[in-house]
Amino acid sequence: MGRVENYLNAYLEQFKAMKEREHPTPPADNVFYASQAGGCMRKVYFEKILGRRDFDIVTRKKMLVGDIIHDFFQEHVLPKGEGIANEPTLKIEQEGLVIVGHADHVEMSELDELKSTAWLSFSEEKPDDGHVRQLMLYMKALNRSHGQVTYIEKASFKIVEHAIKFSEKIYDETIEGFKRIYTAVLTKKSPERLEGFPNDWHCHQKKENIKCPYFEECERTKPGESGLPATEAQDVKAN
Ligand code: SF4
């Protein structure tokens with residue numbers, strides 16, 4: 001490993017430590033992040049019962065590129081001024097659940113969720129369902145009837161924008177998803193795997209050999225089993 005790469009890795013370690021200081025305790029079982037609506041709910045379950053695990057260094061570097069692009073658009077490209085906000089904190093409280101998040105960019109009548117992506121091709125025709133669910137939560141929290149998911153290709157800055165109308169049905173399904181995970185966490189019964197497991201890109205990106213941080217537990221834990229280490233799983237059974 002070269003000198004500059006060492007500096008970058010040291011920066012990423014410092015950044016990770018700073019983030020851990022910002023969030024020293026994990027959120028309560030009934031508290032979720034809006035961004036989790038876009039991912040695998042079984043992973044959210046494992047995060048809750050086994051504790052949050054950090055991404056590997058390759059993934060963290062990719063995420064850094066995404067963060068830099070977000071900051072660039074928010075700081076230099078999108079408008080600023082009265083009634084315009086970047087990353088406002090939003091909160092939904094419903095049926096005992098608390099869902100928190102930060103919308104990327106909010107104007108008087110616009111709501112933008114920015115997503116940097118390696119390949120626009122996967123999202124050119126239609127936005128990712130998970131990103132739509134995440135946007136629904138922001139629309140609900142802000143009482144908006146429409147919003148937009150914007151994909152920015154990392155290597156070229158090509159942009160694809162998808163205007164999305166609020167759908168009560170998708171919003172309700174999203175809340176139901178979180179309710180199911182909350183129940184799973186309370187009963188310590190893991191939900192189903194993603195249909196595409198083990199080859200879904202959330203599970204394993206073979207080209208770069210990046211795996212979900214809970215891949216091993218997911219593989220050996222049948223849906224309905226807790227996924228806890230053996231001694232703790234015994235305690236759950238005894239109760
Ligand atoms: S390995 Fe795949 S299905 Fe299992 S928790 Fe991770 S993302 Fe979900």
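**Close-up views of a predicted model**

**View 1. The residues around the ligand.** Cys40, Lys43, Cys203, Cys212 and Cys218 come nearest of the 14 residues around the ligand, where a residue counts as near if its C-beta atom, placed from the backbone, lies within 6 Å of the molecule. H2 and H6 are the elements that give two or more residues to this shell, and H2 provides the largest share, 3 residues. Helices (H or I, at least four residues) and strands (E, at least two) are DSSP runs, numbered from the N terminus. By class, the shell holds 9 nonpolar, 1 polar and 4 charged residues; Ala, Val, Leu, Ile, Met, Phe, Trp, Tyr, Cys and Pro count as nonpolar, Asp, Glu, Lys and Arg as charged, and the others, Gly among them, as polar.

A word on the model: it is predicted, with local features needing pLDDT of at least 70 and side-chain atom pairs counting only at pLDDT 80 or more, while totals for chains, interfaces and linings use all residues. Residues are numbered from 1 along each chain as its sequence is written.

**View 2. Helix H2 and its cover.** Among the buried residues are Lys43, Tyr45 and Phe46. Their cover includes strand E1 (31-33), helix H5 (168-187) and helix H6 (215-220).

**View 3. The largest nonpolar core.** Such a core is a set of buried Ala, Val, Leu, Ile, Met, Phe, Trp, Tyr and Cys residues joined through C-beta atoms within 7 Å. Of the 26 residues here, Leu135, Leu137, Tyr138, Phe178 and Ile181 touch the most other members. H2, helix H4 (129-142) and H5 each supply at least two residues, and the largest share, 6 residues, comes from H4.

View 4. Three strands form an open sheet in the order E1-E4-E3, with mixed pairing; strands pair if DSSP finds at least two bridges between them. E1 and strand E3 (89-94) are the edge strands. E1 pairs with strand E4 (residues 97-102) in the parallel sense over 3 bridges, and Val31 stands opposite Val98 in E4.

Terms used:
Buried ≥ 20, exposed ≤ 12 C-beta atoms within 10 Å, placed from the backbone. Contact = placed C-beta atoms within 7 Å.
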